[in-house]
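Have a look at the model first.

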Amino acid sequence: MAPIFLLLLQPLSSSAVSALAFLFLVSLQCHVASSALILSLRHHHSQLLHQRPMIHSNQTNCALFMGTWVRDDTYPLYQSSSCPIIDPEFNCQMYGRPDSNYLKYRWRPLNCELPRFNGVEFLLGMRGKSVMFVGDSLGRNQWQSLICMISAAAPQTQTQLVRGEPLSTFRFLDYGVTISFYRAPYLVEIDVVQGKRILRLEELDGIGAAWRSADVLSFNTGHWWSHQGSLQGWDYIELGGKYYPDMDRLAALERGMKTWANWVDTNIDKSRTKVFFLGISPSHNNPSEWSTGVTTVTTKNCYGETEPITGSGYPGAYPDQMRVVDTVIREMNNHVYLLDITILSAFRKDAHPSIYDGDLSPEQRAKPDYSADCSHWCLPGLPDTWNQLFYTALFY
């Protein structure tokens with residue numbers, strides 16, 4: 001790594017001296033950072049990743065997260081045109097998606113039927129309470145889905161939306177129900193010091209203060225830990241008082257998750273607050289994971305996909321991040337309900353925005369191999385099923 005230089009044109013103030021010292025230490029520690037920690041964590045994960053994926057359900061008589069997708073023409077539960085909260089990047093119908101079969105699928109667990117979502121029952125059950133989603137844009141995907149589902153069931157209810165950064169809040173005023181989204185893609189703190197983004201794997205008290213008052217908390221993380229190049233969200237990772245330009249991504253995720261888990265165990269009163277964690281949401285960027293036999297692969301991602309993957313086996317490679325999430329949650333003292341949506345979502349290669357993303361320019365849409373969004377999900381769409389499972393866990 002190249003050394004950091006500052007151009008000094010005038011005498012330094014005490015704060016500038018501190019900043020210079022910080023940057024010097026960052027530069028020095030990036031050179032001498034111990035590789036022993038990373039190697040030991042890699043060894044830990046080399047053992048962890050050979051374990052088989054584990055499926056969970058808090059429902060003793062129903063394996064909620066194992067099942068199949070069945071066509072149901074009573075779906076979707078709402079229309080995108082009637083839910084103005086949907087962001088352009090999720091609003092596939094508004095931005096020209098020509099097909100609609102992807103809207104007509106319902107998740108059926110192996111040995112039971114999910115209760116149909118009832119938005120009025122949700123409002124009554126949560127009267128005077130608050131739900132907060134905390135995480136990245138997949139959490140925002142789920143947050144907007146839930147608001148749309150409730151609004152469709154109670155269209156006459158007075159509402160209020162306040163968008164902000166990092167906190168956005170939607171209120172159903174007649175019921176005193178608040179549903180919020182707090183943007184925290186790593187679930188730990190990331191600060192800017194002298195223009196450099198520092199991902200602090202062992203700190204989150206500064207952002208966690210905003211989460212304590214919620215009656216229901218739903219967390220997620222995952223995708224931001226694997227971003228590379230211009231999409232990477234940090235310049236340095238701070239761990240144990242040292243600064244690294246990068247490190248083993250699964251090791252970093254595990255350390256950040258343990259910081260989050262310790263915060264939940266220490267700060268959340270489990271008799272008052274229910275805590276959920278959304279499993280890793282899969283992407284569909286590799287057609288070879290679902291193309292079999294003599295099928296000719298004509299695209300490089302989910303572009304043009306209009307039907308779910310069929311079969312009962314997990315398509316593609318099970319996300320390594322999910323094993324980390326699973327392990328950390330199992331070791332917690334507080335009960336956290338894992339919404340294990342990874343496998344059921346993996347079958348839905350058809351449900352991404354692809355090029356029907358309102359944030360894309362016409363030029364980008366003309367190049368789907370490079371621009372198609374195969375990570376987020378259309379609304380209406382798959383996150384509605386996540387919320388049906390969330391609803392089931394809360395009330396049944």
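## The chain and its open sheet

The chain exposes about 18,000 Å², with carbon and sulfur atoms supplying 52% of it (areas by the Shrake-Rupley method, 1.4 Å probe). This is a predicted model, where local features need pLDDT of at least 70 and side-chain atom pairs count only at pLDDT 80 or more, while totals for chains, interfaces and linings use all residues. Residues are numbered from 1 along each chain as its sequence is written, and side-chain values use heavy atoms, leaving out hydrogens and water.

Of the 396 residues, 53% are buried (under 20% relative accessible area, 1.4 Å probe, protein chains only). The chain has eleven helices and 13 strands (DSSP runs: H or I of at least four residues, E of at least two, numbered from the N terminus).

Now the sheet: seven strands make an open, mixed one in the order 4-5-6-3-9-12-13 (strands pair if DSSP finds at least two bridges between them). The edges, each pairing on one side only, are strand 4 and strand 13.

| Strand | Residues |
|---|---|
| Strand 4 | 159-162 |
| Strand 13 | 337-339 |

Then there's helix 4, residues 137-153. Of its 17 residues, 15 are buried. At its start, a side-chain oxygen of Asp-136 comes to within 2.9 Å of the backbone nitrogen of Leu-138.

Methods
Buried < 20%, exposed > 50% of the residue type's maximum accessible area, 1.4 Å probe, protein only. Expected span 1.5 Å × (residues − 1). Polar contact = N/O pair within 3.5 Å; in protein donor to acceptor, adjacent residues only side chain to side chain.
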